[in-house]
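Here are my notes for your review. Please read them with the coordinates open.

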Amino acid sequence: MMKLLESRTHMKALLTAGLLASVGSLSETVAGTQTVKLTTVAPKGSSYHQILQKMGDEWQGLSNGEIRLVIYPGGIQGGEPAMVERMQINQTHAGLLTAVGLAEIEPSVTGLQSLPMMFRDLEEVDYIGAKLQPRMERSLKEKGYVVLFWADTGWVRYFSRFPVRRPDDLRKLKLLAWGGDSDGVDMIKEVGFNPVRLEASDMVIGLQTGLIDAFACPPFFALAGQLYTYAPHMVDVNWAPLVGACVITKKTWEKIPASRRPALLASARRAGETMKATARLESDRSVQAMEEKWNLTVHHVSDGEKASWRGIAEQLYPKISGRVVPADIFDEVKRLLEEYRRSKHVVLE
């Protein structure tokens with residue numbers, strides 16, 4: 001019964017959105033402007049939202065008012081799979097997506113994010129991005145999307161209701177697994193964890209009711225969502241980077257006069273560089289703020305405990321390759337990292 005009600009509600013929302021989109025298209029024609037609707041799960045008022053707003057202001061100025069960017073923050077248009085679905089049916093035109101959402105379009109992007117403890121530092125993340133992103137941009141364009149910019153938020157870390165220092169501590173807890181990530185759920189079950197599927201919008205309720213005990217996210221999101229209130233423990237292990245991109249449908253992009261596109265793209269690339277630098281800085285500051293002001297307990301791990309996390313990650317790699325990350329991309333990331341580390345004379349732990 002609940003599924004039927006949800007289906008009807010979803011259909012009603014789609015029909016309403018379709019009517020609104022039709023009205024919006026009519027008003028755009030009358031006004032002589034092109035409105036680009038961009039969605040993001042980034043919180044309203046956050047630095048991500050503000051940077052997108054500034055980009056929108058620049059676009060309007062660069063186009064003499066012909067291009068108007070309308071931003072829907074905070075996931076009000078749904079989670080990332082829903083955001084991609086809306087772009088596919090032209091209800092919205094652009095989105096700031098993590099690799100989770102981008103993988104709905106082009107699976108190869110998972111090689112930038114879905115490899116726990118593969119990257120030792122953010123310099124390695126940047127190196128792999130510089131090598132693989134041009135290839136991924138071509139693949140996304142073939143699927144009908146243009147990449148405006150790439151960005152990341154630094155490291156994802158585990159937050160929990162109870163202290164966690166080792167993987168065995170996390171195995172005792174109910175771990176949030178994103179609703180649509182079937183492969184991810186199956187894999188973490190296979191290495192002994194207890195995943196509970198929830199949508200991001202249900203995370204707080206899940207923590208309040210004890211439905212989940214732990215989750216992984218960048219510190220900034222834990223601070224912005226006040227998640228530390230319900231999960232006052234964080235293990236200081238850089239599990240994986242959270243990488244994403246701002247994309248626009250090729251159909252929408254090509255409606256913009258060709259003479260204007262280079263300036264708009266340059267504006268977007270500047271926004272991406274600003275977003276990446278700001279997000280990485282905010283990640284570190286968020287941990288400090290939660291620790292000093294909101295009683296977050298940060299559990300610093302020993303070398304042995306860190307090795308146990310790396311052991312779990314290495315158990316996951318054969319499962320990830322070919323299931324979550326295309327096998328050729330997985331192998332290419334490993335090859336490029338080995339190349340980079342040899343050039344830097346890095347000694348592996």
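1. Start with tryptophan 239. At 11% relative accessibility, this residue counts as buried. The coordinates are a predicted model, so please read every value below as computed from that prediction.

2. The partner of tryptophan 239 is tyrosine 158. The two rings form a tilted aromatic pair, 5.6 Å centre to centre and with 55° between the planes. The pair links distant parts of the chain: tyrosine 158 sits in strand β4 and tryptophan 239 in strand β8, 81 residues apart. Tyrosine 158 is buried too, at 12% relative accessibility.

3. Next, the aromatic pairs as a group. The count comes to 11. Tyrosine 48 and phenylalanine 221 are stacked, because their planes meet at 25°, under the 30 degrees cut-off, with ring centres 5.8 Å apart. This pair also joins distant parts of the chain. Tyrosine 48 belongs to helix α2 (residues 47-62) and phenylalanine 221 to helix α9 (residues 219-224), 173 residues apart.

4. Tyrosine 48 is buried at 4% relative accessibility, whereas phenylalanine 221 is partly exposed at 22%. Ring pairs link Tyr48, Phe220 and Phe221 into a cluster.

5. Arginine 171 lies over the face of phenylalanine 193, 5.1 Å from the ring centre.

6. Now the second largest pocket. Its volume is about 260 Å³. The lining comprises 18 residues, and Gly129, Gln133, Trp150, Ala151 and Lys276 lie nearest the centre. Elements that give two or more residues to this lining are α5, β4 (145-160), β8 (233-249) and α11 (261-293). Helix α5 gives the most, with six residues. By class, the lining holds nine nonpolar, four polar and five charged residues.

7. Which residues does glutamine 133 touch, not counting those up to four places away in sequence? They are Leu112, Ile128 and Trp150. Glutamine 133 is found in helix α5 (residues 122-142). Its relative accessible area is 18%, so glutamine 133 is buried. Both Gln133 and Trp150 are among the lining residues nearest the pocket centre.

8. Finally, histidine 299. This residue is found in strand β9 (residues 297-299). Histidine 299 is buried, with a relative accessible area of 12%. Leaving aside neighbours within four places in sequence, histidine 299 is in contact with Pro163, Val164, Arg165, His233, Met234, Val235 and Asp236.

Note on methods:
Residues numbered from 1 in each chain as written. Predicted model: local features only at pLDDT ≥ 70, side-chain atom pairs only at ≥ 80, totals over all residues. Heavy atoms only, no water. Helix = DSSP H or I, 4+ residues; strand = E, 2+ residues; numbered from the N terminus. Buried < 20%, exposed > 50% of the residue type's maximum accessible area, 1.4 Å probe, protein only. Contact = heavy atoms within 4.5 Å. 1 Å grid on protein atoms, 1.4 Å probe; cavity = no way out; pocket = protein on both sides within 12 Å on 5 of 7 lines; lining within 4 Å. Points joined across faces, edges and corners; volume = space filled by probe spheres on them. Nonpolar A, V, L, I, M, F, W, Y, C, P; charged D, E, K, R; others polar. Phe/Tyr/Trp six-rings, centres within 6.5 Å; stacked < 30°, edge-to-face > 60°. Lys NZ or Arg CZ within 6 Å of the ring centre and 35° of its normal.
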